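Subject: A structure for you to explore

Hi,

Here is the structure I promised to pass on to you. Have a look at it first, and then read on for what turned up in it.

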Amino acid sequence: MLKYVRAATIADLPAMLAIIEQARTVLANDQIPQWQDGYPVAADIQADITAKRAWLLVVDGQIAGTAALLTTPDPNYRDMQAGQWLAATTPYTSIHRIAIAGAYHGQHLADFYFSNLITLSHQLGFRQLRVDTHALNQRMQHVILKAGFTYQGVVVMDGDVTDQRNAYQLNL
């Protein structure tokens with residue numbers, strides 16, 4: 001199995017949106033409210049591509065995963081509801097909108113994907129990464145912890161106190 005990570009192009013948008021929709025369905029089936037309000041929409045993914053922060057997991061020539069690696073501060077990470085960031089003023093990357101295509105579930109590809117995103121962060125000069133997920137998303141929490149991140153607390157999405165996420169951090 002040949003697998004690698006590459007930057008996304010606008011031609012990849014349909015495949016990326018299909019993966020997001022598959023992930024949205026899995027979350028809904030697991031009764032996890034994350035991504036059930038329409039977010040992320042095509043414009044979010046297109047903005048990631050345009051800003052050169054969209055990265056694809058490719059397996060045997062097929063797009064198997066999509067993610068955004070942000071190199072600018074995430075406004076949702078500014079104030080933590082419960083807990084605190086370690087080295088809070090250190091520049092960081094954050095992983096968002098990560099999903100693996102349904103046909104590739106169970107192959108531990110998320111571990112490989114996270115490892116590559118961590119490597120990209122390091123190559124870009126960042127020594128801290130952040131990521132968040134819904135408290136009910138046990139699968140993603142497992143992947144995040146397995147990648148070496150530690151739980152730091154709870155963040156609120158877009159100022160909506162009813163939309164909270166568990167926040168994790170990795171210092172290299």
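Predicted model: local features only at pLDDT ≥ 70, side-chain atom pairs only at ≥ 80, totals over all residues.

**Two pairs of helices**

Two packed helices are described by the angle between their axes and the distance between the axes. Take helix 3 and helix 4: their axes lie 10 Å apart, and the packing angle is about 50°. Helix 3 and helix 4 are therefore classed as oblique to each other. The crossing of helix 3 with helix 4 is right-handed. On the helix 3 side, Ala110, Asp111 and Phe114 make the contact, and they meet Met140, Val143, Ile144 and Lys146 of helix 4. Sorted by class, the residues of this contact are 5 nonpolar and 2 charged, with no polar ones.

Now turn to helix 1 and helix 2, whose axes cross at roughly 130° and come within 10 Å. That angle makes helix 1 oblique to helix 2. Here, too, the crossing is right-handed. Helix 1 brings Leu13, Met16, Leu17 and Ile20 to the contact, while helix 2 brings Ala42, Ile45, Gln46 and Ile49. This contact has 7 nonpolar residues, 1 polar residue and no charged ones.

**The loop between helix 1 and helix 2**

Most residues other than glycine have a negative phi, and most peptide bonds are trans. With that in mind, look at Gln31, which sits in the loop between helix 1 and helix 2. Gln31 is not a glycine, yet its phi is positive, near 60°. Pro40 also has its place in the loop between helix 1 and helix 2. The peptide bond joining Tyr39 and Pro40 is cis, with omega about -10°.

**The largest pocket**

Which residues lie nearest the centre of the largest pocket? They are Gln34, Trp35, Ile98, Asn137 and Met140, out of 45 residues that line this pocket. Among the elements that give two or more residues to the lining are helix 1, helix 2, helix 3 and helix 4. Strand 5 provides the largest share, 6 residues. The lining has 20 nonpolar, 11 polar and 14 charged residues, and the volume of the largest pocket is about 1200 Å³.

Enjoy exploring, and write back with any questions!

Best wishes

How values were computed. Residues numbered from 1 in each chain as written. Heavy atoms only, no water. 1 Å grid on protein atoms, 1.4 Å probe; cavity = no way out; pocket = protein on both sides within 12 Å on 5 of 7 lines; lining within 4 Å. Points joined across faces, edges and corners; volume = space filled by probe spheres on them. Helix = DSSP H or I, 4+ residues; strand = E, 2+ residues; numbered from the N terminus. Nonpolar A, V, L, I, M, F, W, Y, C, P; charged D, E, K, R; others polar. Axes fitted to C-alpha atoms, helices over the stretch in contact; angles between N-to-C directions. Parallel < 35°, antiparallel > 145°, perpendicular 65-115°, else oblique. Left-handed = near helix turned anticlockwise from the far one by under 90°. Contact = heavy atoms within 4.5 Å.
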